[in-house]
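Work through the exercises below with the sequence and the model open. Each task is followed by a solution in steps.

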Amino acid sequence: MKRKQMTALLASGVIAASLLAGCGAAAPAQEGAETAPAPAETAEETPEAGTETAEVSADDIGEPNGGAQVTLWHYFEGEADALNKFVKDYNESQNEIYIVPTFVSREELMKQYTIGAVSGDLPDIGMVDSPDMASYISLGVFADIDSYLQEWGELDNFYEGPLSSCRGSDGHLYGLPNNSNCLALLCNMDMLKEAGIDKAPDTWEEFEAACAATSDPESGVYGFAMCAVSNEEGTFQFIPWLYGAGASIADADSPEAVRAFSFLAELEKNGYMSNEVVGWGQGDALNAWAAGKAAMMEAGTWMIAQNLDNADSIKNNVTWEYEFVPMPSDNGNRATVIGGENFGVCSSSEHVEACAKFLMTMETAQNNADWCELAGKLPVRGDAVGLKDFWTADERYKVFNDSMNFAVARGPHAQWPTISEALWTAEQAAILGQADAETAAAQAAAVIDPILAETPLPSGN
Amino acid sequence: MKKLTMQQKKRREGYAFILPGFAYMVVILGYPLLYNIVLSLENVNVKTFAGKSYTFVGLQNYAALFHNATFLLILKNTFVFTFWCLVFQFTIGFLLALFFSKRFTLAGPIRGMILVAYMMPMSVTALLGKNMFDKSSGVINDLLLRTGLLHARADWLLQPGTAMAAVIVMNCWVGIPFNMLLLTSGLTGISGDILEAAEVDGANHWQRFWKITVPLLRPAIMAVLMLGFIYTFKAFDLMFIMTSGGPLNSTDVLGTYAYNLSFKQYEFSMGSSAAMVLFCILFVIGLFYLKMVAAEDQ
């Protein structure tokens, strides 16, 4: 009996301790901004994938500089060290604010913004995926920093697509873009050549022929892999097909849009693409491609640095020659989609101006170029691209950099999540054969049209 | 000051004793519930939230929900999921409880091992399910192919019908030990003397089971079914992790749908309304359960 009690006591002790530990991880956000306590000593060097939050130590971000402590939430994993280094330099360069970055997983971060909109528990500076920003601006999560940015006088150098994702419905800016990316077609040239195709496909027709030549569904090998999963990633990967067909979100049931839905449905039906794509995130599609299970895939800019060049599991597998080409065109239409992350200052911050100043420092042409080279992403301002030959010398980055000329922004729209859900739902219905392309397109339009009738998308998309 | 009678004193003491519990209920349960009810009667969403431009809209959200084909599908999914889970987990759990009530060697350890499934966090079970039912790398397809029961890989989580079956299987994996546990404790409460007496009187196995075991086990059976209904009906983490409610909402249930509305679409009031529908159904079941317990006590 005694032993049982001891065990129970121990067990409850462990549970209580883990609860406390859980609180500790979230604590920096709630601490008073005026005092600047030293950050936790026991922090890990880099956040590990899978952990919800990770703290940093003074070694990473510099000793407290006497300024007010402000928190910065981000979900950079591979780039976390570089971000900390940048923050350290900034902390040492001034003493108005002392920035403490915290890694929060993307899902968790989104939940925190939503809850924080009600409770006010928000970081001072927050990172956000560009299509989500409009919703958070509408929810009042981010502060209007338009006047500071206008005064800065650098905005003309920014690309309109990424910058527009920081705009609220009032036209004001609530943040700055940090990096961009887009999608292109990644081809296993060995597989294509083996099938008698020497050149990566340039049109939908050529693409379909290449799929037909390389697919062998019996042995689990397909011509094409993409991500059609039921979240924003699915919509992200669908947009190049939708706009490539000559359609747009505003006319999701046009004959062109139906063609986009039916084209993907046919790929699945003909055995050129596995129906598993509806469960695949972009990483899963890449894994399939890297395992030789797909000849071509819809790949993002970040995959070069994060996976192809640096992830052992991928790097060691890919023994073949590969090539990036722009997304294939249909009837002369070619499209891809803009991705990327923004930073904003949260409305509950007591140091909005100082935080906005930090954002502007982060996004000077030089800093943006340095950052995007390091992260293997695309700069958000035109004058940054010219500072390095990184995006023009490497053929792979050049494809993405050039593709930005026909890249479509998602939104911005406060109800983007609902629009996005309608798109990936219709795409899944078409791919799984649960609805024919016309019905799927009509269902998407039935959700999207009333939303856009009330608040249209900005012109240009 | 008037002297309190013994009875009054006792009653006051009683109130004092329930006060902490009552206060806890008001703060932890009452307030969020009221807040949720109010929210479900307004039109708080991504457009009206920040400007506080939301208004009282009465039952409009509920009307909209019940005119929404997706919501009706999800309501149906929730009942289908709950019904089949109860059928399988109760039947199999009951059979296992009866089986392990025979005291054979290793009965204890094996029963203990079955309970491991119940102790596993639902998120782990859901991940296991996601991997086991995977089309190309899942162990289930692999086994079925090897044994020749299937000639091509089945889609499991990629088609609406089979995805629902898969989440039901995973939920039963947890539900069976739970049912077994409660029914076993009920079975141990039945005195062996009664069964022995019946046997002496010439009752066969079947008669003993239906005329003695089942009637005596009635309170335990009802409790298991009610609790099982409540636990299953408010399922969330299993679908959230294993299928994300997909494909095409086929495994979406009220819990995941309400979460999706509030946290993904920022339709806070609609999400609250969906959650209220879930609450009301469980509330009715709960009342029914309490009434039944009271009846049993008399």
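The model is predicted: local features need pLDDT of at least 70, side-chain atom pairs count only at pLDDT 80 or more, and totals for chains, interfaces and linings use all residues. Residues are numbered from 1 along each chain as its sequence is written, while chains are lettered from A and ligands numbered from 1 in the order in which they are written.

**Exercise 1.** Describe how α4(B) and α7(B) cross, and list the residues that meet.

Solution. Step one: locate helix α4 (residues 107-119) and helix α7 (residues 160-188) of chain B; helices (H or I, at least four residues) and strands (E, at least two) are DSSP runs, numbered from the N terminus.
Step two: the two axes come within 7 Å and cross at roughly 120 degrees. Axes are lines fitted to C-alpha atoms, for helices over the stretch in contact, and angles run from 0 to 180 degrees between N-to-C directions.
Step three: α4(B) is therefore oblique to α7(B), since angles under 35 degrees count as roughly parallel, over 145 as roughly antiparallel, 65 to 115 as roughly perpendicular and the rest as oblique.
Step four: from α4(B), I114(B), L115(B), A117(B) and Y118(B) meet W173(B), V174(B), P177(B), F178(B), M180(B) and L181(B) of α7(B); contact means C-beta atoms, placed from the backbone, within 7 Å.
Step five: this contact has ten nonpolar, no polar and no charged residues (Ala, Val, Leu, Ile, Met, Phe, Trp, Tyr, Cys and Pro are nonpolar, Asp, Glu, Lys and Arg charged, and the others, Gly among them, polar).

**Exercise 2.** How many helices and strands does chain B have, and why is chain B called more spread out than a compact globule?

Solution. Step one: chain B has twelve helices and zero strands.
Step two: its radius of gyration (over C-alpha atoms) is 24 Å, well over the 19 Å from the globule rule for 298 residues, so chain B is more spread out than a compact globule. The rule is 2.2 Å times the number of residues to the power 0.38.
Step three: the C-alpha trace spans about 85 × 75 × 30 Å along its principal axes.

**Exercise 3.** Count the residues in the contact between chain B and chain A.

Solution. Step one: chain B gives 18 residues and chain A gives 22 residues.
Step two: the chain B side has nine nonpolar, five polar and four charged residues.

**Exercise 4.** Describe the contact between the two domains of chain A.

Solution. Step one: domain 1 is 28-181 + 340-395 and domain 2 is 183-338 + 405-454, with bounds from an automatic or database domain assignment.
Step two: 19 residues of domain 1 of chain A touch 17 residues of domain 2 of chain A.
Step three: on the domain 1 side, α5(A) supplies the largest share, five residues.
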